[in-house]
Structures are given as C-alpha cells and as structure tokens.
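Trainee: I would like to learn how the terms for a structure are applied. Could we go through some of them one by one?

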Amino acid sequence: MKPRIKATRQRNPELAITVSETPNVDGRSVLLPERYPTPDLFICDVLDAIPKDDMASMEHPIFSLATKPDRRIFRYEHNGNTVEIVPSVKGLATIHDKDILIYCISQLIAKMNQGEQPNRTLHLTARDLLVWTNRQTDGDGYKRLRSAFERLAGTRITTNIKADGEEITEGFGLINEWRIIRKTNSGQMSEIKVTLSEWLFRMIEGRSVLTLHRDYFRLRKPLERRIYELARKHCGAQEKWVVSIEILQKKTGASSHIRVFRSMLRDLAINNHLPDYAVEINSNTVTFRNRETMDTVKVIEPKLQKPFVDPEGFHDARGVAPGYDVYALYDEWVSWWNDSGQPELQNPSAAFVGFCRNRHKRNPIR
C-alpha cells in the first residue's frame with residue numbers, strides 16, 4: 001500500500017461550478033452536500049485523479065436505477081444490437097455501485113498519463129474510495145461499499161453483435177473478483193483487492209473514456225446521474241443536444257411510466273442543478289444546453305481538441321474496421337491524441353483510418 005503523503009496543493013475554489021442550491025419540495029438541497037470540501041492534511045495522491053467514465057456504459061443502460069434490490073433480467077435493444085443484464089441473488093448492480101468502477105477507471109487513466117502500465121488488479125484503500133466519491137465514512141458507508149462489490153461481481157452481461165451476417169454472443173461480468181485483504185481494529189474493510197473484467201480493461205487501455213464533473217457524485221437521484229451520463233456522452237462540448245423524450249427514456253433504462261418520467265424531467269429542468277448542462281423540456285423533446293463550464297477544468301486538464309476527419313475518412317474507417325462504430329472509435333482516437341500531447345497531424349483523416357485499422361487487427365469483430 002502506498003504511504004500517505006502530505007497534500008501539495010489545495011483545491012482551487014475558482015474551479016467549482018455553481019448550480020442551484022434551492023431546496024426540493026421536501027426541504028432538502030437538490031444536491032448532496034460536498035462532504036469533503038477541503039482535503040485532509042495527509043491524503044493519498046490518488047485523490048487528485050480526475051473522474052473518468054467508460055463510454056460504453058455511458059451509452060447503454062447497464063446499471064439499475066432502482067433503490068431497492070432489483071432482481072429482474074433487463075434486456076435492451078438498439079440498432080439491432082442487444083444487451084441482456086442478469087442479476088445475482090443480491091440484485092443488479094446499481095448506478096451508485098458504478099462509483100467503484102469510475103474510481104478504478106480514473107486511477108488507471110491517471111497512472112497511464114504518468115507513463116505507467118495499467119493492471120487489471122487494483123489495491124484500493126476503502127476510505128480513499130469513499131472520500132473520492134463523496135460517500136460517508138461511517139459504518140453504514142463501509143457496509144454499503146461491501147454490498148456494492150457483491151452486486152458488481154454478481155451481475156452478468158451478455159451482448160450480441162452482428163457483423164457481415166454473423167452474430168457473436170459475449171458474456172462477462174463487471175468485475176472478476178474482489179477481496180478484503182486488510183481490516184481495521186473495528187472490523188471494517190481497510191484495503192481491498194479488485195480485478196476488473198477484461199471487457200472494462202480493454203476500454204481503459206483504449207482510452208474509451210470521458211471526463212465527468214465532480215458534482216456527479218453529489219447528484220441524489222439515480223435517474224439524474226444516468227441523464228448526466230447521456231448528456232456528457234452525446235452533447236459533450238457541443239452547444240446543445242436534442243433528443244425525443246421516448247428515446248431518452250429508453251436510453252436511461254427507466255422503467256417508470258412516461259408520465260412519471262416527464263414529471264422527473266420537469267423537476268430536473270426547474271431545479272437546474274445538472275452539472276455542465278441546462279435542461280429544457282418541450283412538447284416531445286428534451287434539449288441539453290452546454291453551460292460552457294467544462295473549460296473551467298483547463299487548469300488541471302487541457303481542453304479537448306478534435307482534429308477534423310472528412311466524410312471520406314469515416315467511409316474508409318468503416319472499410320478497415322468492419323463491425324465497429326466508427327464514431328465511437330473517433331472519440332477514442334481523439335482522447336488518445338490529446339493524451340499523447342496533440343502531436344502534429346499532416347493528414348488527420350489518414351491518421352484516424354490507421355488507428356481504426358490497428359484496432360481491427362488487434363480485436364477483429366467477426
């Protein structure tokens with residue numbers, strides 16, 4: 001376990017994003033409190049990692065939005081592809097359980113940015129994980145953390161991908177295994193060993209990730225977290241993203257009636273507390289408008305640049321990487337190029353096609 005080191009910098013208050021702190025109808029703030037506004041005098045350097053999320057689970061509803069044990073088999077179909085999520089007796093992994101994966105992804109990306117090789121097996125300090133994800137560090141917080149690991153390990157995902165008339169079925173878990181390897185004198189977990197699934201690790205190696213706002217961990221409701229993921233994935237740094245209410249509900253995986261879903265969207269728009277994006281409800285559509293707050297993290301992380309790839313480049317990319325979503329590959333390539341220091345590109349389209357060709361050679365979809 002890494003020794004704890006003295007903090008070398010304080011949180012910059014200018015980086016904070018101000019959203020509505022008005023109370024809900026029940027008198028509570030629409031956001032959870034920021035439980036650790038200033039770092040401890042002695043903290044692990046892992047707490048400085050920027051939150052990262054994998055693009056696949058941001059796009060598809062893999063995590064349950066239920067607040068009680070969800071033991072249904074969930075099936076999602078989109079554009080001919082299917083995702084089936086099967087729970088264990090503990091229930092489906094929830095959107096709040098996903099905090100653990102976001103923490104792991106963020107630590108590995110931070111290490112990769114420092115030139116280190118990532119490893120599927122991580123050694124985590126339980127308290128650091130709880131603090132980083134804005135969770136309580138009391139006995140209940142550790143109990144919830146253990147339950148989250150159990151659901152993540154038990155949930156199984158099966159997908160089928162069709163390419164050139166063939167169908168591939170792949171099954172995997174969210175994490176392969178976890179183990180408490182050290183406890184405190186009070187019996188609480190202290191150090192945890194967790195091995196990520198090969199599926200998730202491949203996405204980390206390919207940098208198929210996006211940065212999240214830290215206030216993601218302050219969102220109270222599961223649906224709010226899921227909607228933020230979708231806005232971050234589809235709107236990104238664009239001015240706006242417009243989507244029909246029906247499609248948005250499908251992408252969230254929400255099982256509530258459409259009237260209830262509309263009501264929750266209206267509350268989200270009225271409270272105006274979603275990080276990075278403002279929400280507008282029209283008759284049949286939802287518009288997410290960029291608050292232009294993502295630039296405030298430029299002190300920590302350079303602004304993402306996107307080299308231009310012409311339509312012919314995307315056409316050629318489909319030819320060299322059959323079965324792949326070339327737009328998802330483009331996002332991965334852009335992330336890799338930015339993390340590599342934005343080297344000069346004589347021909348961005350050709351460079352992108354070469355990236356796709358190499359990806360297909362390493363992991364062909366048949």
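Mentor: On a 1 Å grid over the protein atoms alone, a cavity is a set of points where a 1.4 Å probe fits but cannot get out, while a pocket is an open set with protein on both sides within 12 Å along at least five of seven lines; a lining residue has an atom within 4 Å of a point. The model is a predicted one, where local features need pLDDT of at least 70 and side-chain atom pairs count only at pLDDT 80 or more, although totals for chains, interfaces and linings use all residues. Residues are numbered from 1 along each chain as its sequence is written, and side-chain values use heavy atoms, without hydrogens and water.

Trainee: Which residues lie nearest the centre of the second largest pocket?

Mentor: They are Thr-94, His-96, Arg-135, Arg-144 and Arg-151, out of 29 lining residues. Helix 4 (139-154) and helix 6 (222-234) are the elements that give two or more residues to this lining, and helix 4 has the largest share, with 5 residues. Helices (H or I, at least four residues) and strands (E, at least two) are DSSP runs numbered from the N terminus. The pocket holds about 800 Å³ of space, a volume being the space filled by probe spheres set on grid points joined across faces, edges and corners.

Trainee: How many residues of that lining are charged?

Mentor: The count is 15 charged, beside 8 polar and 6 nonpolar. Asp, Glu, Lys and Arg are charged; Ala, Val, Leu, Ile, Met, Phe, Trp, Tyr, Cys and Pro are nonpolar; the others, Gly among them, are polar.

Trainee: Which residues line the largest cavity?

Mentor: Among them are Pro-61, Phe-63, Ser-64, Phe-74, Ile-85 and Leu-92. The volume of this cavity is about 70 Å³, and the structure holds 1 cavity of 30 Å³ or more.

Trainee: Why does Ser-64 count as buried?

Mentor: Buried means under 20% relative accessible area, exposed over 50%, and partly exposed in between (1.4 Å probe, protein chains only). Ser-64 has 4% relative accessibility, so it counts as buried. Ser-64 sits in the loop between helix 1 (55-59) and strand 4. Leaving out residues up to four places away in sequence, Ser-64 touches Asp-70, Leu-92, Ala-93, Thr-94 and Ile-95, where contact means heavy atoms within 4.5 Å.

Trainee: What makes Arg-182 count as partly exposed?

Mentor: Its relative accessibility is 36%, so Arg-182 counts as partly exposed. Arg-182 belongs to strand 9 (residues 175-183).

Trainee: Why is Asp-99 called buried?

Mentor: Asp-99 has a relative accessible area of 1%, and therefore is buried. Asp-99 is part of helix 2 (residues 98-113). Apart from neighbours within four places in sequence, Asp-99 is in contact with Thr-133, Arg-135, Tyr-216, Phe-217 and Arg-225.

Trainee: What should the 15 residues of helix 11 span?

Mentor: The expected span is 1.5 Å times one less than the number of residues. For helix 11 (residues 348-362) that gives 21 Å, and the end C-alpha atoms are 21 Å apart, so the two agree.
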